[in-house]
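The following exercises concern one predicted model. Please work through each task before reading its solution.

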Amino acid sequence: ETSEDTEKTLEDVFRDREYQVDASIVRTMKARKRLSHTDLMGELLSQLRFPAQISDLKKRIESLIEREYLERDKDAPTFYNYLA
C-alpha cells in the first residue's frame, strides 16, 4: 500500500467518524456552554477513542458554526459559545 493509498484510507475513515466528532463537540459544549479553543481541543482529544488530526477537528468546529450550533465569542474570538 502506497502512502497515497494510506492517506485516502485515513480520509475515508475520518469521513465515517465525522458524526462521532460532531456529537462529541456538541455534547461537550452543551455541558460547558462556553469554552476556549484550547480547552475544547483538549476535551475532544481525551474523549475520542480514535486518533484525530487537529485540522480535522477544526473543520468539524467550523461546520458546526456554519450550522449555528456554535458561535465564536464576539469579545474573545478564541472562545466558542453553545447556541442550540
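Buried means under 20% relative accessible area, exposed over 50%, and partly exposed in between (1.4 Å probe, protein chains only). Residues are numbered from 1 along each chain as its sequence is written, and side-chain values use heavy atoms, with hydrogens and water left out. As the model is predicted, local features need pLDDT of at least 70 and side-chain atom pairs count only at pLDDT 80 or more, while totals for chains, interfaces and linings use all residues.

**Exercise 1.** Identify the residues paired with Asn81 in the neighbouring strands.

*Solution.* Step 1: two strands pair if DSSP finds at least two bridges between them. Step 2: β1 (residues 34-36) and β3 run antiparallel and are joined by 3 bridges; here Arg34 stands opposite Asn81. Step 3: β2 and β3 also run antiparallel, with 3 bridges, and Glu71 has Asn81 as its bridge partner. Step 4: a hairpin of 6 residues connects β2 to β3.

**Exercise 2.** Describe the surroundings of Asp73 and its link to Asn81.

*Solution.* Step 1: Asp73 is located in the loop between β2 (70-72) and β3. Step 2: Asp73 counts as buried because its relative accessibility is 12%. Step 3: the side chains of Asp73 and Asn81 make a polar contact at 3.4 Å; such a contact is a pair of N or O atoms within 3.5 Å, where, within protein, one must be able to donate a hydrogen and the other to accept it, and residues adjacent in sequence count only if both atoms are side-chain atoms. Step 4: the Asp73 side chain also reaches the backbone nitrogen of Asp75 at 2.8 Å. Step 5: leaving aside neighbours within four places in sequence, Asp73 is in contact (heavy atoms within 4.5 Å) with Arg34, Phe79 and Asn81.

**Exercise 3.** List the contacts of Asn81 beyond its sequence neighbours, and state how far its C-alpha atom lies from that of Val13.

*Solution.* Step 1: leaving aside neighbours within four places in sequence, Asn81 contacts Met29, Lys33, Arg34, Tyr69, Leu70, Glu71 and Asp73. Step 2: Asn81 and Val13 are 68 residues apart along the chain, and their C-alpha atoms are separated by 29 Å.

Technical notes: Helices (H or I, at least four residues) and strands (E, at least two) are DSSP runs, numbered from the N terminus.
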